[in-house]
Amino acid sequence: MTAQSDERCLNCQASSEGPFCSWCGQAKSARLIPLRAWASDFIGAFVDLDSKLLKTLKRVFMQPGQATLDFAAGRRVPYSSPARVYIVVSAISIAAMTLRGAFSMDTSTVIPGSNADTDFHKRVQFIFPFVNLLSPFLTASFLAVFQRRQLYQLHLAFSFHFWTFLIAIATPLIFIPPTSIWSLVAFAGLSLISAGYLFVAHRRVYAMQLLNTLAVCGVLLLSVPLAAMLFTLLLFLLASIF
């Protein structure tokens, strides 16, 4: 098998110079790559994902709102997307909930007349991750109502980052007995932290006046329990139907 000319891309046949095609970005290499290249790509994919994820999480936690600004400014290559970070953190939280038996609760105490059967629990566990994705969209919709001049994509990126922070700091609560006084103390502390984080992040991203920022942040904080309530109702409704 003969190698094609280096001046022409194997993918799009565009004529260009350099190690990469200026049209589609594919590397100018032979059709069949050696096994060491396969291994390098396989390992590099995980390393790249982990480094991007960790860098994004550091940005989200240490500089509230900055990850959203970077995304809006188009600085996206060094970071994971807002949706991907949210999904990864949510997956870790759901795994922790599963280990703690959160999906083996007696649903008859939540929905009168429902049976706490194994099939229902499996449906709840299956539907939970999909319904969980709706929370950032609800928060983004609240932002869109109060700040119509901004694109919805900005609101959505902000919401994904905010909910990533919320889920990450709330996950340890799973391991505290709900009847313990420490559960109440932890919840109160995390609520204050969340409120402070939201204020700083919103102030940095939207640069609104102080009173307007406080008003919007108050509405957004109210959207969190509202999202949780709608989330729970929708979850059990879908699990009951399907």
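**Burial and aromatic pairs**

Analyst: F165 has a relative accessible area of 6% and is therefore buried. The term means under 20% relative accessible area, with exposed over 50% and partly exposed in between (1.4 Å probe, protein chains only). The model is predicted: local features need pLDDT of at least 70 and side-chain atom pairs count only at pLDDT 80 or more, while totals for chains, interfaces and linings use all residues. Residues are numbered from 1 along each chain as its sequence is written, and side-chain values use heavy atoms, with hydrogens and water left out.

User: How many aromatic pairs are there?

Analyst: A pair of aromatic rings is described by the distance of the centres and the angle of the planes. Rings of Phe, Tyr and Trp (its six-membered ring) pair if their centres lie within 6.5 Å; planes under 30 degrees apart are stacked, over 60 edge-to-face, and the rest tilted. The count here is 5 aromatic pairs. One of them is the tilted pair of F61 and F165, at 5.3 Å centre to centre with 55° between the planes. This pair links distant parts of the chain, 104 residues apart: F61 lies in helix α1 (residues 35–62) and F165 in helix α6 (residues 152–170). Helices here are DSSP runs (H or I, at least four residues), as strands are (E, at least two), numbered from the N terminus. F61 is partly exposed because its relative accessibility is 33%.

User: How are the rings of F165 and Y197 arranged?

Analyst: Their centres are 3.7 Å apart and their planes at 5°, so the pair is stacked. Y197 belongs to helix α7 (residues 181–206) and lies 32 residues from F165 of helix α6. Both F165 and Y197 are buried.

User: Which way do the buried residues of α3 face?

Analyst: An α-helix has 3.6 residues a turn, so residues three or four places apart point the same way. The buried residues of α3 are P82, V85, Y86, V89, S90, S93, I94, A96 and M97. Seen down the axis, they fall within an arc of 165° and so line one face of the helix; the arc is that of the directions from the helix axis to the C-beta atoms. On the face turned away from this buried side are the exposed residues I92 and L99. After α3 comes G101, with a positive phi near 75°.

User: Which residues of the largest nonpolar core touch the most other members?

Analyst: A nonpolar core is a set of buried Ala, Val, Leu, Ile, Met, Phe, Trp, Tyr and Cys residues joined through side-chain atoms within 4.5 Å. Among the 30 residues of the largest one, they are F158 and Y206. At least two residues come from each of α1, α3, α5 (134–146), α6, α7 and α8 (210–241), and α6 gives the largest share, 10 residues. Apart from neighbours within four places in sequence, the contacts of F158 include L143, L198 and Y206, where contact means heavy atoms within 4.5 Å.

User: Where is T139 placed, and is it buried or exposed?

Analyst: T139 lies in helix α5 and is buried, at 0% relative accessible area. With neighbours within four places again set aside, T139 is in contact with S159, W163, L220 and S223.
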